[in-house]
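Visitor: I would like a close look at a single part of this structure. Please start there and then go on to whatever else can be described.

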Amino acid sequence: VILGLQWGDEGKGKIVDYYSQKYDIIARYQGGPNAGHTLFVGNKKVVLHQIPSGIFNAGKINLIGNGVVLDPIIFKKEVETVQTFGVSVVNNLIISENTNIIIPTHRALDKVAELFKKENKIGSTLKGIGPAYMDKTGRNAIRVGGIFKANFLEIYNKLKEKHEIILNNP
């Protein structure tokens with residue numbers, strides 16, 4: 001287990017990338033798309049925010065666990081970047097269906113919360129990570145597995161409306 005003990009860039013991604021060559025499964029168990037892990041594939045710099053940094057090691061399974069809050073927009077861009085290196089994300093990456101999703105209104109809530117704190121700001125990345133975890137712990141979150149439900153749009157719109165009520169009634 002590689003466990004970070006501080007916020008910010010402490011080199012976890014580089015360490016995971018190095019050791020992942022010796023393991024069959026590389027898992028990201030928590031966190032959101034904040035600072036990311038900077039790696040060099042050959043001589044090209046790659047920054048991963050969501051995908052585990054073992055993805056560039058052939059034959060390894062990479063797992064995004066249910067403790068992660070996943071931003072589909074950032075994730076899509078990351079997948080496209082990884083694929084430019086000839087890596088099959090479909091064959092090498094598994095996402096837990098219980099992984100929670102960041103939606104656009106999470107970012108809006110994050111921004112309002114940060115502005116409200118004024119001089120006590122925490123320096124949020126404004127990517128909606130905190131509000132997504134609030135929905136996770138409040139059992140309001142949308143999970144990856146929910147995308148495949150027939151009533152997905154209804155569930156999505158219900159959460160979005162909840163967020164908009166909060167945003168419009170500070």
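Visitor: Which residues form a nonpolar patch on the surface, and about how much accessible area do they have together?

Guide: The patch is formed by Ile15, Tyr18, Tyr19 and Tyr23, with about 430 Å² of accessible area together. Patch residues have over 30% relative accessible area and no salt bridge, with nonpolar side chains (Val, Leu, Ile, Met, Phe, Trp, Tyr) joined within 5 Å and like charges within 9 Å. Areas come from the Shrake-Rupley method with a 1.4 Å probe, and for residues only the protein chains shown count as cover. The model is predicted, so local features need pLDDT of at least 70 and side-chain atom pairs pLDDT 80 or more, while totals for chains, interfaces and linings use all residues. Residues are numbered from 1 along each chain as its sequence is written, and side-chain values use heavy atoms, with hydrogens and water left out.

Tyr23 lies in the loop between helix H1 (12-19) and strand E1 (25-31). Helices (H or I, at least four residues) and strands (E, at least two) are DSSP runs, numbered from the N terminus.

The salt bridges come next. There are three of them in the structure, each a side-chain nitrogen of Lys or Arg within 4 Å of a carboxyl oxygen of Asp or Glu. Side chains of opposite charge can pair when their charged atoms come close.

In one, Arg107 pairs with Asp71, and the closest N and O atoms are 2.6 Å apart. This pair links distant parts of the chain, 36 residues apart: Arg107 is in helix H4, and Asp71 is in the loop between strand E4 (61-70) and helix H2 (72-83). Asp71 is buried at 1% relative accessibility, where buried means under 20% relative accessible area, exposed over 50%, and partly exposed in between (1.4 Å probe, protein chains only). Arg107 is partly exposed, at 24%.

Both of these residues are in contact (heavy atoms within 4.5 Å) with Ile102, whose contacts beyond four places in sequence also include Pro33, Val69 and Ile129. Ile102 is in the loop between strand E6 (100-101) and helix H4 (104-116), and is buried because its relative accessible area is 2%.

Lys162 and Asp135 form another salt bridge, with 2.7 Å between the closest N and O atoms. Here helix H6 (residues 152-168), which holds Lys162, is linked to helix H5, which holds Asp135, 27 residues away. Lys162 is partly exposed, at 28%, whereas Asp135 is buried, at 4%. Leaving out residues up to four places away in sequence, Asp135 touches His106, Asn140, Ala141, Leu159, Lys162 and His163.

In the remaining salt bridge, Lys76 and Glu80 have closest N and O atoms 2.7 Å apart. The two residues are four places apart in helix H2, so about one helical turn separates them. Lys76 is exposed, at 52%, and Glu80 is partly exposed, at 39%.

Helix H2 itself has twelve residues and reaches 16 Å from first C-alpha to last, close to the 16 Å expected; the expected span is 1.5 Å times one less than the number of residues. Its buried residues include Ile74, Phe75, Glu78, Val79 and Val82. They lie on the same side of H2, because they cover an arc of only 140° around the axis, taken from the directions from the helix axis to the C-beta atoms. Lys76 and Lys77 are exposed on the other side of H2. The cover over the buried residues of H2 includes strand E3 (44-48), E4, helix H3 (89-92) and strand E5 (93-95).
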